[in-house]
Amino acid sequence: MAKITFDGIEVEVADGTTILQAARKIGGSVVPPAMCYYTPLKGSGGKCRVCLVKVTQGSAKDPRPMPKLVASCITPVQDGMVVENTTNEDVLNARKGIVEMLLINHPLDCPICDQAGECNLQDLSYEHGVSATRYEEERRTFNKVDLGPYIQLHMTRCILCYRCVYTADQIAGNRVHGVLGRGDAAEIGTYIENIVDQEMSGNVIDVCPVGALTDKTWRFKNRVWFTKPMDAHRDCPTCSGKVTLWNRGDQVLRVTARKDEYSEVEEFICNTCRFEKKEMSDWTIEGPRHINRASVISANHYELPVVNVPIVPNLPASTKKNLPQH
Amino acid sequence: MAEIINEVKFSDAGMAEIQRYISHYPEGRQKSAILPIMHVAQAEFGGWLSPQVMDKIAEILNIQPIEVYEVATFYTMFNLKPVGKHVLEVCRTGPCCLRGADQMIDMIKQKLNIEEGETTADGMFTLKPVECLASCGTGPMLQVRETYYENLDTEEKLDQFLETLRNTEVETPYHQK
Amino acid sequence: MGIKILTEHINVPGIETLEVYRKHGGYRSVEKALKTMTPDEVVEEVKTSGLRGRGGAGFPTGMKWSFLAKPEGVPRYLVCNADESEPGTFKDRVFMQKNPHALIEGMITSSYALGANTSYIYIRGELMFVLRILEKAIAEAYAAGLLGKNIMGSGYDLDLHVAPGGGAYICGEETALLESLEGKRGNPRNKPPFPAVKGLFASPTVVNNVESIASVPWIVNNGGAEYAKIGVGRSTGTKLISASGNINNPGVYEIELGVPVEEFIYSDEYCGGILKGKQLKAVVPGGSSVPILPANLILKTAAGEDRLMTYESLSDGGFVSGSMLGSGAFIVFDEDQCIVRNTWNYARFYHHESCGQCSPCREGTGWMEKVLHRIEHGHGHQQDIDLLVSVAKQIEGNTICPLGDAAAWPVASAVRHFRDEFEWHIKHPQEATLPGAVYRGQLETITA
């Protein structure tokens, strides 16, 4: 076990844990953001640089500070390590600079983007960005491409996190898409016209932090904050069948994997569950899905906002959270 | 599609070269040989890599075609579109510019009536500006296949060079050994 | 004339053949090391020599070697970084082309020291003609029993291969090089783990520059202590300098570290002065990524001391008034050269060569190039100058690999030392965009 101090808070984690995971154990507003790291995907992380933190003491044995800011998502903790995130001005300035970099070639048209309301880049910009842009050059644009009948790729919105590539390698198999080109001309693509149609391929949509990969069965059908997320399951021969349904009334508009507060899926789901089971009768409903992240989705909670446990028995677990007091 | 793939056939010498490179790496690491194989392929198939050629490379290395596309699009030496008989890879980087590279590139454009990235109408030359070729003391310079042409700092030298090249036949380098 | 460790025989006719190379003392270090020394003793000699990595970073080679993990039953690799691509640098290319056996000898002796039984020379793909020279020399070495099984009857086995790149500056970064050598895109790896623990094929690996490896035979033959006597302070030994730009004698020079910069520029033994008797305007002393210095600061430190060709002297003053020895690529600018144009050119290079993996470098290098392109072509605004400094700062130190720093430093230093030239470009776009237009204001303050 290793004991570290993160933003002044002590936390004990297993050896080999990354700084980011240690911070997530503390939770709340001290957790660094992550745009490319994704816990279920091996090898992810280190690329977007928004999770940079300052290590002011390397370990109890070697207390020297680390000379540069380090990516918290891939740097393992050492016993006695002292890390600064929200308490360090250099970190916050660097993060602001990196958010600006992520945005210079990203369209600033959230109102017409299907991902709006559940976009990690939108949240990140809101928390760490600035309101004006200093970038006056032409932005990089691409045409929209269909990767088969279910998935649309709009490369213009991509931040090259590589998550979808790792997903294809590790979850779906028989990868036909990848990162082509180099530098800021790099793009996700299939090179020759090709269809992404492996049974687990739809997961690339869930792991995409922005609106670059979207579900064609859902695109522009509704706004995510108008929908009601519900946990549901079915007996599925391919995957766990545990999903979140996004409904308008009794109409199932979209099916996704269940995601936690860091937008990481709990279990990957198959394309049949995701794209072909759009009837309420396909599913056993478990109850409302609590969206516990800084997002407009959680703004319109329809579950009971304040819960008196002794009076209302047998509530679903998701409502028993300590809601923030304002 | 399958028929087209079958048409891609390396020469015996080319295939021997490929097998030699693959043998340089440990068991199960045959993908390591991808860059030298692409060099062989580019030399054998007209100076560029078509999707069919890349699919053939994937087949030889027993990897997914996308893995070949990813690599081919990363490294700038691999041409992904047809090129002229002689690709003029002209250094455009700082140290060569101190010795007149910009002027040489302009002269080439004028003489061949092409812009950067274009091929002459007769299919003889493609102008491809590249970054530093580690020949900074002898700039302006350019590379054609495996030969450096250096100190091309006057119009006469450039004319002479282009004339020589016009009459040069293309050979695959490993055939000469 | 100083001592020549690397280039003594480089111009001997036929030195590229095994026969002539051996006639001039070649492969003595292999015999000495394999027959009379333990691997650890070779490592110790290299440590004692104070040899520092000649690729640019200047990290002590012996120390790098001593970090190599040695788990049982796992192969170790030595990989020679011959991906020489830093603008201004051509010493390794010339060296390998002329004297391939000298590198091969260094590879054998160094591989023995590290306990590697398979080693690779990763050479940039543009140098296929050098690859063929090396492969020919390697074949000769195999035939003579200097490579392969039981080298010189010592019981030590080594296979040596040359692997070409495909056109990517980033593959000079050691972990990008390893990715490329494994047949992948040249994306630098996140560290840790470092190559010394998990490098090529996930095995412990040392990556060294051509010149570093080629210095090892002399160290083995003459002892690390002898090597350490050459040079000044912690800058021991000799260094190959690639001299280019507006000088009379461009080329590769082997110098004893410690030669005064002024002597290097003006002496006929080296650069032979500025071309056509013009005035010196600036120098980039260590490859395009290191800070550019105006004439006054390259000849003398801010404290007024003579600047020497050493790691320490060239970096004296930090980035405020100093630069770096880097790869030893000495790029000289005369009074007719435009700093803005050159900075744009370098920015274009780093933009072109960014792998695109991490966001500050992928986006920031392109941003800087576009702003510099505007300024150079008469469309700049005054606030662009501070914008450049700010973007450079947002990249520096925040990237996976040092390419971000390499892209930021030339821009930041050009603005630092030649700010008035940038301002002139912005204030006078019409004059500044005339062919051959150069701002000369700075020169008045630097004429000695």
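**Before you start**

This is a predicted model, in which local features need pLDDT of at least 70 and side-chain atom pairs count only at pLDDT 80 or more, while totals for chains, interfaces and linings use all residues. Residues are numbered from 1 along each chain as its sequence is written, and chains are lettered from A, with ligands numbered from 1, in the order in which they are written. The model scores ipTM 0.95 and pTM 0.94.

If you colour by pLDDT, which is the predictor's confidence in each residue on a scale from 0 to 100, chain C has a mean of 96, with 98% of its residues at 70 or more. Chain A averages 90, and 90% of its residues score at least 70.

**Chain C, domain by domain**

Select chain C and colour its domains, whose bounds come from an automatic or database domain assignment: domain 1 covers 18–224, domain 2 covers 232–334 and domain 3 covers 339–438. Now show the contact between domain 2 of chain C and domain 3 of chain C, to which each of the two gives nine residues; two residues are in contact if their C-beta atoms, placed from the backbone, lie within 7 Å. On the side of domain 2 of chain C that touches domain 3 of chain C there are seven nonpolar, two polar and no charged residues. In this scheme Ala, Val, Leu, Ile, Met, Phe, Trp, Tyr, Cys and Pro count as nonpolar, Asp, Glu, Lys and Arg as charged, and the others, Gly among them, as polar.

**A pair of helices in chain C**

Next, select helix H5 (residues 91–98) and helix H9 (residues 210–222) of chain C, which pack at an angle of about 50 degrees with their axes 9 Å apart. Helices (H or I, at least four residues) and strands (E, at least two) are DSSP runs, numbered from the N terminus. The axes are lines fitted to C-alpha atoms, for helices over the stretch in contact, and angles run from 0 to 180 degrees between N-to-C directions. H5(C) and H9(C) are therefore oblique to each other, given that angles under 35 degrees count as roughly parallel, over 145 as roughly antiparallel, 65 to 115 as roughly perpendicular and the rest as oblique. Show the side chains where C:Lys91, C:Asp92, C:Phe95 and C:Met96 of H5(C) meet C:Val210, C:Glu211 and C:Ala214 of H9(C); by class, this contact has four nonpolar, no polar and three charged residues.

Then move to C:Lys191 and C:Pro192, which are joined by a cis peptide bond with omega at about -5 degrees. C:Pro192 lies in the loop between H8 and strand E4 (205–209) of chain C.

**Where chain C touches chain B**

Show chains B and C together, and look for a contact that takes 45 residues from chain C and 34 residues from chain B. On the chain C side, H15(C) gives the most, with six residues, and that side divides into 16 nonpolar, 21 polar and eight charged residues.

**Chain B**

Hide the other chains: chain B has eight helices and four strands, and its C-alpha atoms fill a box of roughly 50 × 35 × 30 Å, taken along the principal axes. It is divided into domain 1 (2–74) and domain 2 (86–167), whose centres, taken over C-alpha atoms, are separated by 29 Å.

Two local features can be picked out here. B:Asn62, in the loop between helix H4 (51–61) and helix H5 (65–74) of chain B, has a phi near 60 degrees, a positive value in a residue other than glycine. The peptide bond from B:Gly139 to B:Pro140 is cis, with omega near -5 degrees, and B:Pro140 lies in the loop between strand E2 (125–130) and strand E3 (142–144) of chain B.

**Chain A and its contact with chain C**

Finally, show chain A with chain C, where 25 residues of chain A are in contact with 21 residues of chain C. Helix H2 (residues 89–104) of chain A gives the most to the chain A side, with six residues.
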